[in-house]
Every structure is written in C-alpha cells, then in structure tokens.
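I am opening my notebook on this structure and want to write down, step by step, what I look up in it.

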Amino acid sequence: MGDYVWFHDVSWHASYAIYFFIIGISVGLFFFSFLSWHKAVFEPLREKAAYASFILLALGGLLLIADLSQPFRFLYVLNPAYLNFRSPLAWGALNIVSFSAVSIAYLYMIRKGDADNAKKLAAVGALLALGLPVYTGFDMTVHQSRPVWNTPLMPPLFVAMAVVSGAAAASFLAARDEAMLMMLRRYMLWSAGAVGVMLVSLLGTTAYGGSAQELAYEILTGTMGKLFVGLGMVAGTALPIGLMLAPAGRKGSGLMIPALLILLGGIGLRISLLMGPQIVQTLY
Amino acid sequence: MSEERLVSPIETRGVAGKKRYAMVVDTRRCIGCMACQVACKAEYDTPLGVNRTWVPYKVVGKYPTVKKQFLPRLCNHCDDAPCVRNCPVDVTYKVEDGGFILQRYERCIGCRTCMASCPYNARFMLPAHRTYTPITNVVDKCTFCFHRVPQNLVPACVQTCIGRSRVFGDLNAPTSEVSYLVARNATQVLRPEEGTKPQVYYIGADRNQTEFGRDAYRRPDVMEPDRSAFNNFFKV
C-alpha cells in the first residue's frame, strides 16, 4: 500500500470540462444561426441562437479566465511578444477572441438589419466557431503521454459533440415550431450517431491493450465509468437515438426528453474524457 | 554517396561547444534518507504538499528477504520537453547552453497545460500562501539548481546526498563523472517511449517497478483522505 504513490494533483479540474460543455453549445447555436441564412426553416432561430451563443461564449470565457491560477494575466495570451504558436492553447485563445469579435459584429448587423454583412459575418463566425471544438480536441490530443487523449479522434469528436449539444439546446429555443424541430431532430440523430461511432472507436483502440488499456479502465469503471458509459454513452447517446427513432420521437413534442438527455450526456462525456486519463497519471 | 539524417534541432546532447547537464541516480546507493528532499525544500522554501524532488519507494522481495526499492524523482530536463512546446505564453523555456528547462514565474498564467503535458508529474501548482517567498499561484518544478551550477556548485540534492547516489555534471564533457557513469553502466530513463529524451539517468532502476503497478488501480484508501484534506485546506 502506498508503494510509489505520491501526492500529485490533476492538472485540469472539472471546471474545464464545464467550459468545454458551455463553449460546445455556444458553437452549435452559432452554427444553426449561420444555417438560417441558407435554410429557411431555421430563420426564426437566427437571432435567438446568435444571442444565446454569445451569452454562453461570454460565460465560457469568464469560466476559463477564472480557472487560471493568475486570472488577471489572461491578456498575456494576446501579447504577440509572449505567444508561443506551437501551443494549441495559444491558437485557442486567438480563436476565442476572434470568434467573440465576429459574434459581436454579427449581432450588431442583425440588429441594424444589414442582411448582406450579417450573412458574410455568419459565414466567418461559423468557421471560427468550428475552430473552437477543433482546438479543444487538439489541446488534449497533443499530450502524448495520455493514451485516451492522445488520439486524432479528439478534434472530430469535440466537433460532433458541439453540433449535437447545439442542436439539443436549439430544440428548446425552437418554440414548438414543428418543421424546425423535425430538422433539428435529423441533426441530433446524425451527430449523436457520429459521437457514438467515435466513442466506440475510441474505446476499441484504447481498450485493446497496453498502457492505453490500463488508462481506459479508469473511464470504464468506478465513478468515471458511471459518467462515461452510464451517462455519456448509454443515457446521453444511445437512449436519445432510440427515443428519436421511436414513434413518439418523430414529433416535435417528443424531442424534449432526448434533447435533455443529450445535454446531460454531453456534460458526463466531457468530464469523464477530461478527468479519467488524468487520474491514474497522478499516481505515477 | 553520403546521406544526411535529420535530427531534432532542439537536442543539445552531443552538440559540440555546448554543455548538456544531466543527473545520474544510482538507485543501488540510495538509502531513502530523504535528505535530498529536505535540502531541496530548504533551498527553495518549497511549500508543504508539493516537491521539486521526491523519493517514492516500493517494497520488493518476499519475507524474510524484503527491501525498499527507492526511485528518486525530479524534473527530467528533457531534451525535447513537451512542457516547453505546450506553454501558450512561452513561460517555460530551455537554456541552450546547459539544457536547463526553466520558467518565467512573472509570466505564468496558471493554465496548467505544462502539468498536463509532463509525463513525469514533475510540475506542480504553488499554493496561494507561502511563508517567505512571494512566488505563489504559478506552476513550479525543479530547476537543476540553475542558480548554483554557474557558480561551480552542484544542485542542493546532489550536495547533500549521503550515499553519493546522485551525481550531476555535463554529459557533453567526456571527462565528467556523469559521462563516465553513463558510458560504463547500464542506465535507464523514465518512460523513454514518450520520446522526451530525459536527462536523468538511473542505474539499477527496474522498469517493472517504475511503471504503474496494479496498486495504481486500487485507490490508496490510507492516503486519499489525507490528500483531499490537504488540498482542501491549502486550496491546491
């Protein structure tokens, strides 16, 4: 007992996972606001989604800053003399700031009624929004000593999780618009399916053997197992897909429960993916 | 026809005209007195609960022939350090002549990405309160005693090591003691598969005992409450 065990702390705490979750919804909502310029069915969502996305972005940014042990130094990441472009975090900081600026300009154009410029800004914003889950994934992928993180699946997984969370949040903003809810159902189904396939691939490769398997135990058992397998994979991915395929899930009113489950599953997945691989490492 | 093979430009081992400091830890000579840990604590006013160097152990053998196998640990001052490339604001940097991995405390934002990237858990967050030293709430780690080495002093842990288990010197100097030890003994480094090219070399360390043991999966019920209580109290 206690052999080779020392008091190491995990590097990133659960607040970072909450940030991933909030920023994921923000990205998804902005994506649907952008889509509203190209799909008429999403038009009623345009303004609401853009505002909700910006509020969540601000909340996520504040959470990220508060999570720094030196929060007042957060502007250092914008100082060109300090920036280290080999770090995914540096790119992430630039991405968040530019996405925030474009979001503000986009909201201003919407309020002003300047459709041409708003449409262009929506396209630029959607690209920057895509960068947020991609950088989040890279943030974890680059850590070569953490097998569950160190897989090229992470960026696309976070993109799919952002789309599914955004669609789930958008279904609460859709206000019983049946046509829009049916379109959101398709997005939820396909992106939840993509998340499911990637999670199975992740487990298939990490649980195959070696040190990766040893770390994968952490997300398959105990508290992390309940969050990853129970809440994330079963309750947050498989069950909502099943409910949406059932007759009740083919109606707008039947989408609320799957959407809620997807959001809860999104929190569980992000917490377990972030924390699980760190826990065994603390004992090294 | 000659063929030139490209090597990482970041490596300083074997580069002519440059020093490459390294430490050799002869685990056969370590008696687990923890004097290195105490000397390091005294040198840097390292707060309670965190360590720049630490000496974990494993009980090996079968009664009556059992012994404690010690494995002194510290920052490996990697030649290809992941903490250097991961820091978003260039806080962590490598000293070209010497290979020390150091950091600029006044610039650290405390994002902890360097802690996440270190395969050796060598980095830690300094608590918010310290008795004598005003450096708080930033990430810290072993510096190979950068302030002592240019004055021809060895690091504090090496100076105090009663069994001469720790030896420090320039690997690029063929006549140094570390060069001799590395050349004449079978040495191991921790987690070589990570490609970090660590510069702490162990003599007599058994890889079977330096990797995660099965104990890692059994929650250390004796220590976990202590760790939680400590972390809560000091807001680590």
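Predicted model: local features only at pLDDT ≥ 70, side-chain atom pairs only at ≥ 80, totals over all residues.

In which sense does S1 pair with S12 in chain B? I noted that strand S1 (residues 21-26) and strand S12 (residues 200-203) of chain B run in the parallel sense, with four bridges between them. As a point to find by eye, I marked Val24(B), which stands opposite Tyr201(B) in S12(B).

For the pair S1(B) and S10(B), I wrote down the antiparallel sense and five bridges. Here I marked Tyr21(B), whose bridge partner in S10(B) is Asp170(B).

I also asked myself why S10(B) counts as largely enclosed by the rest of the structure. The reason is that four of its five residues are buried.

**Chain B as a whole**

Stepping back, I counted seven helices and 12 strands in chain B. Of its 236 residues, 39% count as buried. Among the contacts in chain B between residues at least 6 apart in sequence, 61% join residues at least 24 apart.

I then picked out Asp206(B), which sits in the loop between S12 and helix H6 (207-210) of chain B. Is Asp206(B) buried or partly exposed? It counts as partly exposed, because it has 14 C-beta neighbours inside 10 Å, whereas a buried residue would need 20 or more. I also looked up Asn76(B), which is 130 residues from Asp206(B) along the chain, and the C-alpha atoms of the two are separated by 17 Å.

**Two helices in chain A**

Lastly I turned to helix H1 (residues 14-35) and helix H2 (residues 46-67) of chain A, whose axes come within 8 Å and cross at roughly 160°. H1(A) and H2(A) are therefore roughly antiparallel to each other, since angles over 145 degrees count as such. Their crossing is left-handed. Among the residues that make the contact are Ile22(A), Leu29(A) and Phe30(A) of H1(A), together with Leu56(A), Gly60(A) and Leu63(A) of H2(A). Sorting the residues of this contact by type, I noted 17 nonpolar, five polar and two charged.

How values were computed: Residues numbered from 1 in each chain as written. Chains lettered and ligands numbered in written order. Pairing = 2+ DSSP bridges. Buried ≥ 20, exposed ≤ 12 C-beta atoms within 10 Å, placed from the backbone. Contact = placed C-beta atoms within 7 Å. Axes fitted to C-alpha atoms, helices over the stretch in contact; angles between N-to-C directions. Parallel < 35°, antiparallel > 145°, perpendicular 65-115°, else oblique. Left-handed = near helix turned anticlockwise from the far one by under 90°. Nonpolar A, V, L, I, M, F, W, Y, C, P; charged D, E, K, R; others polar.
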